[in-house]
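Here's a quick tour of how two chains meet. Have the sequence and the 3D view open as you read.

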2 protein chains.
Amino acid sequence: MADRVNRQWLFKSAPKAAVGPEHFEWREGPAPRPGAGEVLVKTQLLSIDPANRAWMNGATYRGQLMPGDVMDGFAIGEVVESNADGLKPGDVVEGSLGWQDYSVQKPRALTKRDGKYDDEMLIGPLGITGLTAYFGILDVARVRAGETVVVSGAGGAVGSIAGQIAKIAGCRVIGTAGGAAKCDWLVRDLGFDGAVDYKAGGVRRALKPLCPAGIDAYFDNTGGEVLEAALALMNMFGRVACCGNVSQYNTGAPPAATSGVPGFLVTKRIRMEGFIVMDFFQRRAQAEAALAGWVKSGALKAPSDVLLGLDQAPAALAGLFDGRNKGKMAVRVG
Amino acid sequence: MADRVNRQWLFKSAPKAAVGPEHFEWREGPAPRPGAGEVLVKTQLLSIDPANRAWMNGATYRGQLMPGDVMDGFAIGEVVESNADGLKPGDVVEGSLGWQDYSVQKPRALTKRDGKYDDEMLIGPLGITGLTAYFGILDVARVRAGETVVVSGAGGAVGSIAGQIAKIAGCRVIGTAGGAAKCDWLVRDLGFDGAVDYKAGGVRRALKPLCPAGIDAYFDNTGGEVLEAALALMNMFGRVACCGNVSQYNTGAPPAATSGVPGFLVTKRIRMEGFIVMDFFQRRAQAEAALAGWVKSGALKAPSDVLLGLDQAPAALAGLFDGRNKGKMAVRVG
């Protein structure tokens with residue numbers, strides 16, 4: 001068999017503010033060979049997520065990336081060589097395959113998929129994205145029919161699904177997103193009851209009339225001004241599901257401070273809770289069945305924005321923070 | 001029966017920063033007479049709490065005080081006249097009796113006590129103070145044996161009991177308090193494993209070596225620098241019970257902003273939850289039995305600082321924020 005060429009994006013240096021192509025380095029070389037008990041995986045569809053940016057500056061739920069590391073990323077791939085029981089060439093797998101064509105993996109680091117769904121479904125509504133939205137809305141925010149739910153970053157991959165799940169659960173749902181066009185899209189295409197353009201300023205003032213009965217639950221992808229506005233407008237016993245802090249990842253500023261904490265938490269008995277989807281993985285099958293059913297019935301739309309070619313990965317990540325994507329951002333490695 | 005004289009402290013104006021006697025006005029007049037279905041209660045022991053200060057500037061879990069209102073406060077009293085079934089002169093009751101000698105009350109606003117405990121027990125470990133500590137540590141922070149628990153405002157009424165309950169539950173307990181003398185007292189007299197003087201500065205640096213295994217639960221009476229330090233040192237799945245925000249009540253500053261929120265909540269899956277003791281009152285008898293047992297066995301000390309005379313009430317409240325009290329601050333009305 002001819003040697004396979006492995007194209008890779010290495011992490012070069014930590015951005016001081018906005019991430020761009022200058023923080024990565026392109027390298028080409030021979031693909032690695034799997035050892036005993038290992039498989040060689042070809043990366044097919046790479047998930048581009050706000051968390052990728054966070055790893056470049058510090059440890060989060062994984063360690064900090066170090067210069068020279070292959071840039072990490074979740075992806076769907078295909079087994080092309082196997083020295084491991086239970087996996088054979090042609091099997092579709094998912095895992096942290098990284099920004100590269102080929103990687104050697106141990107089976108325990110991979111999840112085998114059955115080929116029932118295409119890779120955009122697997123990386124979107126049935127992947128980390130959809131599961132994060134599902135468990136965040138139903139298990140952390142614990143929304144109930146008739147409640148008012150606000151979702152920030154509602155134009156993004158997780159937020160767009162989170163808001164739709166809250167609608168399916170019978171809630172009034174208001175999203176925040178950047179720009180009037182994205183706000184229109186939330187209401188017209190995804191069925192949100194209202195949307196606020198955070199870039200227009202005055203988030204709290206804009207949110208208030210859209211939530212005449214106050215806010216019962218808030219799904220927070222951003223932190224910052226929207227979080228502060230939601231806490232101010234929140235009802236007694238409100239819940240905040242803290243999913244991410246994207247307003248802070250791409251700035252050079254020191255960690256954000258949030259006003260109203262702990263004051264509003266005490267006076268309004270608010271529960272604010274961070275979560276990571278992996279903590280709920282023992283219930284993945286249940287969530288996946290629900291999500292697949294909603295997609296099939298048309299109740300849940302899962303838009304994606306797929307760039308073509310591994311060379312596009314840095315631009316795709318930068319684009320997340322420019323707000324260019326509607327829904328799931330991904331790169332088809334090619 | 002000769003007319004009773006009713007001495008009262010009226011709320012005069014909202015403090016811009018530190019509360020003092022100038023924010024109250026003394027008035028004397030005839031005591032009111034109870035109508036049908038009402039009782040006249042003589043205030044005996046007045047609870048002085050940080051929340052009293054908060055009411056002066058805004059609504060919390062009760063509405064904002066208005067100038068001219070009798071200053072509100074929780075107290076133990078004795079029924080002196082009764083036109084209501086179920087209450088007779090001599091009965092000991094508790095409720096929001098206010099900063100005054102006499103008040104007319106409806107029975108449903110009072111809780112009748114059985115005289116088994118003296119009034120300092122009733123207002124301290126068996127009252128709002130002890131119940132707040134009990135439910136906050138066990139139900140909100142959900143401490144478990146072997147965990148490290150930090151309590152801020154540990155020299156105060158609630159904090160001193162919260163820390164001791166965490167010790168009884170088998171935790172390593174570190175308190176923060178103002179001044180070396182109070183810190184010594186926490187360790188020597190109340191059995192805390194360590195204490196940090198927040199007035200000496202560098203709370204996080206001082207707390208870190210006292211919590212070598214990180215912090216699992218934090219009982220927050222203060223907000224501010226101690227909250228930020230606790231979030232930074234907190235372990236995965238840590239819990240923050242938000243009981244109060246005393247670092248903010250007595251300043252003229254705008255509402256505090258807390259750094260590390262929501263960042264640490266996401267990366268460490270922290271649950272931060274505000275609570276108010278009234279939400280747990282359906283389980284009051286259970287908590288009271290436990291607290292009384294611990295006091296009786298000597299496992300729980302409930303120190304109090306009682307000033308004599310209703311005229312002392314404004315000074316007692318101001319003293320809470322000067323940190324003069326060790327344990328429960330109260331005023332014996334006389």
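Which residue in β14(B) is the bridge partner of Met272(A)? The partner is Met272(B). Three bridges link β14(A) with strand β14 (residues 271–274) of chain B, and the two run antiparallel. Strands pair here if DSSP finds at least two bridges between them; strands (E, at least two residues) and helices (H or I, at least four) are DSSP runs, numbered from the N terminus.

Some housekeeping: this is a predicted model, where local features need pLDDT of at least 70, side-chain atom pairs count only at pLDDT 80 or more, and totals for chains, interfaces and linings use all residues. Residues are numbered from 1 along each chain as its sequence is written, chains are lettered from A and ligands numbered from 1 in the order written, and side-chain values use heavy atoms, with hydrogens and water left out.

Now the contact itself (heavy atoms within 4.5 Å). Here's what each partner brings:

| Chain | Residues in the contact |
|---|---|
| chain A | 31 residues |
| chain B | 31 residues |

Together the chains bury about 2400 Å², 63% of it on carbon and sulfur atoms. Pro262(A), Val266(A) and Arg269(A) supply 23% of the area that chain A buries against chain B, more than any other three residues. Buried area is the accessible area (1.4 Å probe) that two parts lose on being put together, summed over both.

As for charges, the rule finds two salt bridges across the interface, counting a side-chain nitrogen of Lys or Arg within 4 Å of a carboxyl oxygen of Asp or Glu. Arg269(B) and Asp279(A) meet in a salt bridge, at 2.8 Å, N to O.
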